[in-house]
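Thanks for coming, everyone. Please put the structure up on the screen, and we can walk through it together.

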Amino acid sequence: MDMFDEIDKVAKDFPRLKKVAKNVTSNKVNNYQIFSYVIMGIFVGIGFLFGNLFPSCGNYSSLYYDQCSMTEFNFSLTIGIWFIGLMVTVFFYGMGEIISLLRGMNQKLEKK
């Protein structure tokens, strides 16, 4: 017996692009998932805003060490706010996904 014959028997076709697109577009987002997208947009805006409102000190004055002579955009604060926003977004999106899965299971059980 030839190994390639066995592979041909067992191998399945790759899913076609139309089938993959149909599976992707058939999922509908619920209110929790829409809320998570809105929250992420808000956190991105807040990150930029706080990065500008609370700048970091680039250079200190030569005469007075406690005074900044030049301020810079605060990347660490911005990245921290974005990370917190990402965690909140993932939490709400996950809740929405769980709710949609449970709703789908409930509909299948009601049909029986």
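First, a caution. What you see is a predicted model.

Now the overall layout. The chain has four helices and two strands. Read from the N terminus, the order is α-α-α-β-β-α. There are 112 residues, and 11% of them are buried. The chain exposes about 9700 Å², with 66% of that supplied by carbon and sulfur atoms. Next, contacts.

Let's move to helix α3. Helix α3 covers residues 31-53.

Which residues of α3 are buried? They are Gln33, Ser36, Ile39, Gly47 and Gly51. Part of their cover comes from α4. Helix α4 runs over residues 75-111.

Gln33 has a relative accessible area of 2%. Buried means under 20%, so Gln33 qualifies. Leaving out residues up to four places away in sequence, Gln33 touches Lys28, Tyr93, Gly96 and Glu97. Ser36 is at 0% relative accessibility, so Ser36 is buried too. With that sequence limit again, Ser36 touches Thr89, Phe92 and Tyr93.

Where is Tyr93? Tyr93 sits in helix α4. Beyond its neighbours within four places in sequence, Tyr93 is in contact with Gln33, Ser36 and Tyr37. Here is one more pair to find on the screen. Tyr93 and Asn30 are 63 residues apart in sequence, but their C-alpha atoms are 9.2 Å apart in space.

On to the aromatic rings. The count is six aromatic pairs. One of them is Tyr37 with Tyr93. Their ring centres are 6.0 Å apart, the planes are at 45 degrees, and the pair is tilted. Tyr37 is in α3 and Tyr93 is in α4, so this pair ties together parts 56 residues apart in sequence.

Now find Phe48 and Trp82. Their ring centres are 5.3 Å apart. Their planes meet at 85 degrees, so this pair is edge-to-face. Phe48 belongs to α3 and Trp82 to α4, so here the pair ties together parts 34 residues apart in sequence. Phe48 is partly exposed, at 42% relative accessible area. Trp82 is partly exposed as well, at 26%. There is also an aromatic cluster, formed by Phe35, Phe91 and Phe92.

Last stop, the surface. A nonpolar patch there covers about 970 Å². Its members include Val29, Ile34, Tyr37, Leu49, Phe54 and Tyr93. Which element gives the largest share of the patch? Helix α3 does, with eight residues. Leu49 is in α3, and its relative accessible area is 46%. Tyr93 has 31%.

Definitions and conventions. Residues are numbered from 1 along each chain as its sequence is written. This is a predicted model: local features need pLDDT of at least 70, side-chain atom pairs count only at pLDDT 80 or more; totals for chains, interfaces and linings use all residues. Side-chain values use heavy atoms; hydrogens and water are left out. Patches are made of residues with over 30% relative accessible area and no salt bridge: like charges are joined within 9 Å, nonpolar side chains (Val, Leu, Ile, Met, Phe, Trp, Tyr) within 5 Å. Accessible areas come from the Shrake-Rupley method with a 1.4 Å probe; for residues, only the protein chains shown count as cover. A salt bridge is a side-chain nitrogen of Lys or Arg within 4 Å of a carboxyl oxygen of Asp or Glu. Buried means under 20% relative accessible area, exposed over 50%, partly exposed in between (1.4 Å probe, protein chains only). Contact means heavy atoms within 4.5 Å. Rings of Phe, Tyr and Trp (its six-membered ring) pair if their centres lie within 6.5 Å; planes under 30 degrees apart count as stacked, over 60 as edge-to-face and the rest as tilted.
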